[in-house]
Amino acid sequence: MATLDVLFILLVSIAASLASEGVSWLLVYRTDNYKRGKASIDRLQAQLDKLLEQESQTSSLSKKGSKDKKIEKIEEQLKIANKELSFSKMKSMFAVAVSMIALFSYLNRIFDGVIVCKLPFVPIGFLQGISHRTIAGEDYTDCSMTFIYAICSMFIRNNIQLILGTAPPKTKQNNPWALPEEKK
């Protein structure tokens, strides 16, 4: 029975991710404003990469100052374009958030107190609250719907965005884990 519950949660997570991408496509991705913004980001990123490559190849001090100003200008334009693109996604994100909260509430009512699966490990402290949510008892290898749904949603949505081509543009400035040398 628990296997069916996990499969049900997995299917619901896939369906919810597809539905949220469908809503995003209707409200955002098919609009000319989004297409122009994405094209602008791609163009600016290509220009920035080209300038950075040229800067690394040349060691002339006289041209370095003017290239630094060009790089700063393009980086600023890239930041503005990213902000505008994020702002255009706001209405879609709001609609998706409301629907996901409603779906999560529905699933919580169905699986309240139900052990969905048994974990092969005891989760670390802060994850025990999520993995053991609404389950009575002290066996922390018992897993609730919340943990399975959260894990599935995190991984499935990103992969669906990659498959459908709706993942956010990859820029070096969006990477919070990049080293300072990589962000230049």
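These legends describe close-up views of one predicted model. Residues are numbered from 1 along each chain as its sequence is written. In this predicted model, local features need pLDDT of at least 70, side-chain atom pairs count only at pLDDT 80 or more, and totals for chains, interfaces and linings use all residues, while side-chain values use heavy atoms, without hydrogens and water.

**View 1. The chain and its elements.** The chain holds seven helices and two strands (DSSP runs, numbered from the N terminus: helices are H or I with at least four residues, strands are E with at least two). Their order along the sequence is α-α-α-α-β-α-β-α-α. Of the 184 residues, 33% are buried (under 20% relative accessible area, 1.4 Å probe, protein chains only).

**View 2. Helix 6 from end to end.** Helix 6 covers residues 145-164. Its 20 residues should span 28 Å at 1.5 Å a residue, and its end C-alpha atoms lie 27 Å apart, which agrees. The expected span is 1.5 Å times one less than the number of residues. Just after helix 6, Gly165 has a positive phi of about 80°.

**View 3. The buried residues of helix 6.** These are Met145, Thr146, Phe147, Ile148, Tyr149, Cys152, Ile156, Ile160 and Gln161. They pack against helix 1 (2-29), helix 4 (90-110), strand 1 (117-118), helix 5 (125-131) and strand 2 (142-143). Contact here means heavy atoms within 4.5 Å. An α-helix has 3.6 residues a turn, so residues three or four places apart point the same way.

Methods: Buried < 20%, exposed > 50% of the residue type's maximum accessible area, 1.4 Å probe, protein only.
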